[in-house]
Amino acid sequence: MLMRTRLFFLIILLVSSRLLESIAAVPVVTYHNIPYAHAERFCESVLIDSFVPEQDHTKRGPMCPQHLTQEVLDMWGRFDLKEMEESEDCLCMTINTPREWKQGNNVLPTDSLLPVLVHIHGGAYSGGSGETAVNDLDELSVQENIVTVTISYRLSVFGYAYRPDIGCVNLGLHDQMNALRWVRNHIREFGGNPDQITLSGQSAGAQSVVYLLAEMDEPLIRYAAVFSAPMGMTRSKSEGKRYWREMIRRYLKGINLQTCSADTLRKAHTAYEKTQPIGIMTFAPTGLKQMPKQLNIHPKKVLVCTQKDDGSMFGPKWLNGLVTHHVFTNTSRRYAKYLRKQGVDAQFIEFDWVPRGSKYGATHCCELILFAGHTDNWLQTNLTGYELTEEEFKSLRSAFMRRLGHFVRTGEWDSQKE
């Protein structure tokens with residue numbers, strides 16, 4: 001009898017371990033190119049409040065037309081952004097989910113739904129896409145068992161030309177707000193909890209998060225994470241008008257802006273930007289306050305982060321320290337203090353990890369390489385340096401993703417969490 005009992009429990013143990021192994025080995029399902037809105041040129045986007053799973057969501061969607069310099073391509077190493085399709089019809093998102101997609105009454109009960117992270121990519125408001133490999137969050141979704149979303153939005157003159165006479169104001173931010181509305185309305189079908197959404201962004205994407213929190217008038221998120229927002233750089237209405245008029249006068253005079261090719265607008269932007277001081281984001285959110293007197297919607301917790309050497313890749317070396325402190329660190333500290341006065345539980349963190357072999361130190365984007373993209377693609381790029389081993393890098397990424405996953409679940413950033 002004793003032998004039978006032991007054999008029974010041994011069989012149960014083996015079956016359970018195999019079951020756990022199979023569950024752990026199940027990869028996430030990735031849905032690329034999910035349209036969330038549609039927009040005509042220089043018009044506000046209109047929400048597409050539906051999802052068609054029968055369409056092909058295995059291929060990456062297009063990115064907004066953009067100018068990519070060789071310097072940018074060299075910085076990002078093996079990510080060949082030139083192979084991405086470009087289109088003005090670029091308002092789409094990628095969703096990674098550990099759960100099978102279900103529709104309508106077949107969705108999971110609330111207590112079975114997973115936390116959600118919606119991430120806004122950076123790129124100085126003129127480059128990047130939520131559909132590119134550099135912004136993939138599937139590794140994070142697998143490790144932390146959360147639903148992740150990356151969104152694409154209109155950039156440069158397509159998203160931030162300041163033309164209030166026709167209602168063309170901060171269209172890229174309007175796109176992002178619509179993306180959040182789409183996620184709130186449909187993420188449950190992908191196994192995500194619409195009441196537990198964290199919004200994050202890096203660089204220009206982080207500043208977008210700041211602007212969205214200032215403008216938000218409906219409860220779309222629970223937590224927010226701001227990674228290296230260039231809060232010391234803002235655009236006034238007078239500047240926005242001047243940049244637009246100067247570009248038209250120099251490069252687009254007599255051209256029908258509604259019907260000309262996207263390439264015509266892109267080339268004009270590129271040519272005009274070369275005439276401006278280094279570091280000036282010609283087309284960016286305009287006429288907005290980052291810290292208004294009163295927030296309409298209060299996220300429960302906000303994480304505000306910078307890099308110790310955030311400005312080390314911008315301009316001449318003698319200028320790097322000033323950029324770090326005045327564009328990133330000082331303003332981000334003030335922002336965290338502002339949030340606390342608004343009644344928001346805000347935490348400020350300065351990251352100081354330096355990739356061994358990198359000439360930039362703890363620079364801009366160092367945090368990005370620890371949770372976005374794929375491990376093998378980040379190795380041997382100018383950002384990571386050439387001395388990191390694959391095993392060391394995987395360990396660093398895994399630890400950072402654990403902390404980020406913990407924040408998405410609880411709103412707490414534990415710097416000691418391993």
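Tyr335 and Tyr338 sit 3 residues apart, about one turn of the helix, and both belong to helix α9. Helices here are DSSP runs of H or I with at least four residues, strands are E runs of at least two, and both are numbered from the N terminus. The model is a predicted one, so local features are taken at pLDDT of at least 70 and side-chain atom pairs at pLDDT 80 or more, while totals for chains, interfaces and linings use all residues. Residues are numbered from 1 along each chain as its sequence is written, and side-chain values rest on heavy atoms, with hydrogens and water left out.

Back to the two tyrosines. Both Tyr335 and Tyr338 are buried, where buried stands for under 20% relative accessible area, exposed for over 50% and partly exposed for anything in between (1.4 Å probe, protein chains only). A search of the whole structure turns up 18 aromatic pairs. The ring centres of Tyr335 and Tyr338 are 6.0 Å apart and the planes meet at 20°, so this pair counts as stacked. For the cut-offs, rings of Phe, Tyr and Trp (its six-membered ring) pair if their centres lie within 6.5 Å, and planes under 30 degrees apart are stacked, over 60 edge-to-face and the rest tilted.

Phe371 and Phe400 make another such pair: their centres are 6.0 Å apart and their planes at 10°, so these rings are stacked too. This pair links distant parts of the chain, with Phe371 in the loop between β10 (345–351) and α10 (375–378) and Phe400 in helix α11 (residues 390–410), 29 residues apart. Phe371 and Phe400 are both buried. Elsewhere, one aromatic cluster is formed by Tyr31, Phe51, Trp101, Trp182 and Phe190. A charge also sits over a ring, as Arg163 lies over the face of Phe42 at 5.0 Å from the ring centre; the criterion is NZ of Lys or CZ of Arg within 6 Å of the centre and within 35 degrees of the ring normal.

Phe42 turns up again with Ile166. The C-alpha atoms of Ile166 and Phe42 are separated by 8.1 Å, although the two are 124 residues apart along the chain. Leaving aside residues up to four places away in sequence, Ile166 touches Phe42 and Gln258, a contact being heavy atoms within 4.5 Å. Ile166 is found in the loop between α4 and α5 and, at 37% relative accessibility, counts as partly exposed.

That loop between α4 (156–160) and α5 also holds Asn170. Asn170 has a phi near 50°, a positive value in a residue other than glycine, and is buried with a relative accessible area of 9%. Most residues other than glycine have a negative phi. Ser203 likewise shows a positive phi, about 60°, without being a glycine. Ser203 lies in the loop between β7 and α6 and is buried at 13% relative accessibility.

Next comes helix α6 itself (residues 204–215), whose 12 residues reach 16 Å from first C-alpha to last, close to the 16 Å expected at 1.5 Å a residue. The expected span is 1.5 Å times one less than the number of residues. Helix α6 is mostly covered, with 11 of its 12 residues buried, among them Gln207, Ser208 and Tyr211. The cover over the buried residues of α6 includes β5 (114–120), α5 (171–186), β7 (192–202), β8 (223–227), β9 (301–307) and α9 (317–341).

Helix α8 (residues 262–273) has 12 residues as well and reaches 17 Å, close to the 16 Å expected at 1.5 Å a residue. Its buried residues include Leu265, His269 and Tyr272. The cover over the buried part of α8 includes α4 and α7 (237–251).

As for the cysteines, the structure holds 0 disulfides, a disulfide being a pair of cysteine sulfur atoms within 2.5 Å. The sulfur of Cys168 is 8.0 Å from the closest cysteine sulfur, in Cys43, which is too far for a bond. Cys168 is buried with a relative accessible area of 0%, and Cys305 is buried at 1%.

On the whole-protein level, the secondary structure comes to 11 helices and 10 strands. Of the 418 residues, 54% count as buried. Among contacts with a separation of 6 or more, 76% come from residues 24 or more positions apart. The protein exposes about 19,000 Å², with 52% of it supplied by carbon and sulfur atoms; the areas come from the Shrake-Rupley method with a 1.4 Å probe, and for residues only the protein chains shown count as cover.
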